[in-house]
Amino acid sequence: MKKQIFRALVVGLIFVFVFYTFEIIQGVYLTMNYVPDIVETYESVDYLQHKVSFGYISSPMWRTIEILGLFLLGIIVFYTGKILRRKK
């Protein structure tokens, strides 16, 4: 039983690691390919100030919930795969 829990935790950690690795790679790619455009600058600022309905959430609580959610998703995927393999 302890071995299964350990494996499920490892799968959850892998999900978290893969997600944040993808986020970092995407951020680097977007930063490297960003080309500022002085003509479009006003439109983007106007959009952010007036057209975004809820704004940007920058709270440690949301980051913690995100990590826990990914962790639990990995555990659920592990146990679902285990159950499906057992039925075959």
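A residue counts as buried when its relative accessible area is under 20%, as exposed when that area is over 50%, and as partly exposed in between. Phenylalanine 78, at 14% relative accessibility, is therefore buried, whereas tyrosine 79, at 27%, is partly exposed.

The model discussed here is predicted, and its chain averages a pLDDT of 79, with 78% of the residues scoring at least 70. The chain has three helices and zero strands, which follow one another along the sequence in the pattern α-α-α. Confidence is highest in helix α1 (residues 2-32), at a mean of 87, and lowest in helix α2 (residues 41-50), where the mean is 63.

Of the 88 residues in the chain, 9% are buried, and the accessible surface comes to about 8,100 Å², with 71% of this area belonging to carbon and sulfur atoms. Phe6, Val10, Ile14, Phe17 and Val18 make a nonpolar surface patch of about 510 Å². One of these residues, isoleucine 14, lies in helix α1 and is partly exposed, with a relative accessibility of 45%.

The structure also holds two aromatic pairs, which are set out below.

| Pair | Centre to centre | Angle between planes | Geometry |
|---|---|---|---|
| Phenylalanine 19 and tyrosine 20 | 5.2 Å | 80 degrees | edge-to-face |
| Phenylalanine 78 and tyrosine 79 | 5.3 Å | 75 degrees | edge-to-face |

In the pair of phenylalanine 19 and tyrosine 20, phenylalanine 19 has a relative accessible area of 25% and is partly exposed. In the pair of phenylalanine 78 and tyrosine 79, phenylalanine 78 is the buried residue described at the outset, at 14%, while tyrosine 79 is partly exposed.

Technical notes:
Residues are numbered from 1 along each chain as its sequence is written. This is a predicted model: local features need pLDDT of at least 70, side-chain atom pairs count only at pLDDT 80 or more; totals for chains, interfaces and linings use all residues. Side-chain values use heavy atoms; hydrogens and water are left out. pLDDT is the predictor's confidence in each residue, from 0 to 100. Helices (H or I, at least four residues) and strands (E, at least two) are DSSP runs, numbered from the N terminus. Buried means under 20% relative accessible area, exposed over 50%, partly exposed in between (1.4 Å probe, protein chains only). Accessible areas come from the Shrake-Rupley method with a 1.4 Å probe; for residues, only the protein chains shown count as cover. Patches are made of residues with over 30% relative accessible area and no salt bridge: like charges are joined within 9 Å, nonpolar side chains (Val, Leu, Ile, Met, Phe, Trp, Tyr) within 5 Å. A salt bridge is a side-chain nitrogen of Lys or Arg within 4 Å of a carboxyl oxygen of Asp or Glu. Rings of Phe, Tyr and Trp (its six-membered ring) pair if their centres lie within 6.5 Å; planes under 30 degrees apart count as stacked, over 60 as edge-to-face and the rest as tilted.
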